[in-house]
Amino acid sequence: MKFKKITVTCTSKTSETVAYTLHEAGSMGEVFDDYDNIRQVLDEKRWDYADAALFSPTDGCFVSGFFTTETDETTVLAKIDALKSENWADFSDLKISVEIIDSVEWENEWKKYYKPFNIGNIVIVPEWIEYKPTCGAIPVKLNPGLAFGTGMHETTSMCIDLMQRIQLQDKRVLDFGCGSGILGVCATALGSKSVLFADTDEQAIAATRYNCQINGIDNPAVFLRDVRAIKEPADVVLANITADVLISVKEVIKGALKKGGYAIISGIISDKAELVKSEYLRDFTLVESAQKNEWRAYLFKL
């Protein structure tokens, strides 16, 4: 399917008005490309990690609207041009471009590059690939859909690796912020008695249910809710989130664990690793740590 993409070059101050005008003209969605917003986020350090090489400074702000190819672009351009008569802000330098684009199925495009790979004895196998396990390999099928968790990111692979350093046989596991469900599904493959999957994102819950199904996990306990409502504590908690969130939910994780239980936490950028570690050492004993590139993960015991 093709779309007509109309892009307006404006300023940060006028971008919201431009987007509203595009929407009123029939746009099915608007996209902002404003380096000032990115620079503000980077300056305020509101992300744990951002590769500055991905963000090239640009002059001005770009707002794009997406229309059906049948849309009469002259009508849209006339509405944008009419903004130049506004005097509360400078709309005089608005520039407009129009192009026809293909609707690329990005969800399927990335599958070309996603192949089976090992993390210890676990082999993550994309659902659409035929795989014959070798001796000792434990295959886990996965289709992440729109949820986080392909297993390829350092934070996820470190969790899966640390899971294999403890005894999961017959243990009750909580996958805290389950995303695609990859950690809990791996815990099941490694012999856990039961896994409780919890997340606050509906797409994550849907992806988790599907990945449980393709791995033969019947009636999985998957919840779209706060884990503080869980009554029975777990032997192991798996949490691959971010440093700031891990600090804020430390008491929740502690409350979800049995005494002597393990917490495997990841998603920690190296710059914040000491903050997270020192917070957890107030109540936990550090068993093992892992590092891949700029990411850290920890195995703690309560």
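These legends accompany close-up views of a predicted model of one protein chain.

**View 1. The whole chain, as a starting point.** In this predicted model, the protein chain is built from 10 helices and 14 strands. Of its 302 residues, 42% count as buried. Looking at contacts between residues at least 6 apart in sequence, 67% join residues at least 24 apart.

View 2. Helix α1 spans residues 15-24, and its buried residues are Ser15, Val18, Ala19, Thr21 and Leu22. These residues cover an arc of only 160 degrees around the axis, which puts them on the same side of α1. Just after α1 comes Gly26, with a positive phi of about 115 degrees.

**View 3. Lys4, a lysine in strand β1.** Strand β1 runs over residues 2-10 and holds Lys4. Is this lysine buried or exposed? Lys4 has a relative accessibility of 8%, and since buried means under 20%, Lys4 counts as buried. A polar atom of the Lys4 side chain lies 2.8 Å from the backbone oxygen of Thr71. Leaving aside residues up to four places away in sequence, Lys4 touches a set of neighbours that includes Gly65, Phe66, Phe67, Thr68 and Thr69. Glu73, Val98, Glu99 and Ile100 are also among the residues that Lys4 touches, as is Thr71 itself.

**View 4. Helix α10 and the elements it packs against.** In helix α10 (residues 273-280), the buried residues are Ala273, Val276, Glu279 and Tyr280. Seen down the axis of α10, they fall within an arc of 140 degrees, so they line one face of the helix. Their packing partners are helices α8 (243-248) and α9 (250-255) and strands β12 (257-269) and β14 (295-301).

View 5. Rolling a probe the size of a water molecule over the atoms shows where empty space is left. In this structure there is 1 cavity of 30 Å³ or more, and the largest cavity has a volume of about 40 Å³. Which residues line the largest cavity? They are Arg172, Val173, Leu174, Leu196, Ile230, Glu232, Pro233, Ala234 and Ala256. Strand β8 (residues 172-176) gives the most to this lining, with 3 residues. By type, the lining holds 7 nonpolar residues, 2 charged ones and no polar ones.

Definitions and conventions. Residues numbered from 1 in each chain as written. Predicted model: local features only at pLDDT ≥ 70, side-chain atom pairs only at ≥ 80, totals over all residues. Heavy atoms only, no water. Buried < 20%, exposed > 50% of the residue type's maximum accessible area, 1.4 Å probe, protein only. Helix = DSSP H or I, 4+ residues; strand = E, 2+ residues; numbered from the N terminus. Arc of directions from axis to C-beta. Contact = heavy atoms within 4.5 Å. Polar contact = N/O pair within 3.5 Å; in protein donor to acceptor, adjacent residues only side chain to side chain. 1 Å grid on protein atoms, 1.4 Å probe; cavity = no way out; pocket = protein on both sides within 12 Å on 5 of 7 lines; lining within 4 Å. Points joined across faces, edges and corners; volume = space filled by probe spheres on them. Nonpolar A, V, L, I, M, F, W, Y, C, P; charged D, E, K, R; others polar.
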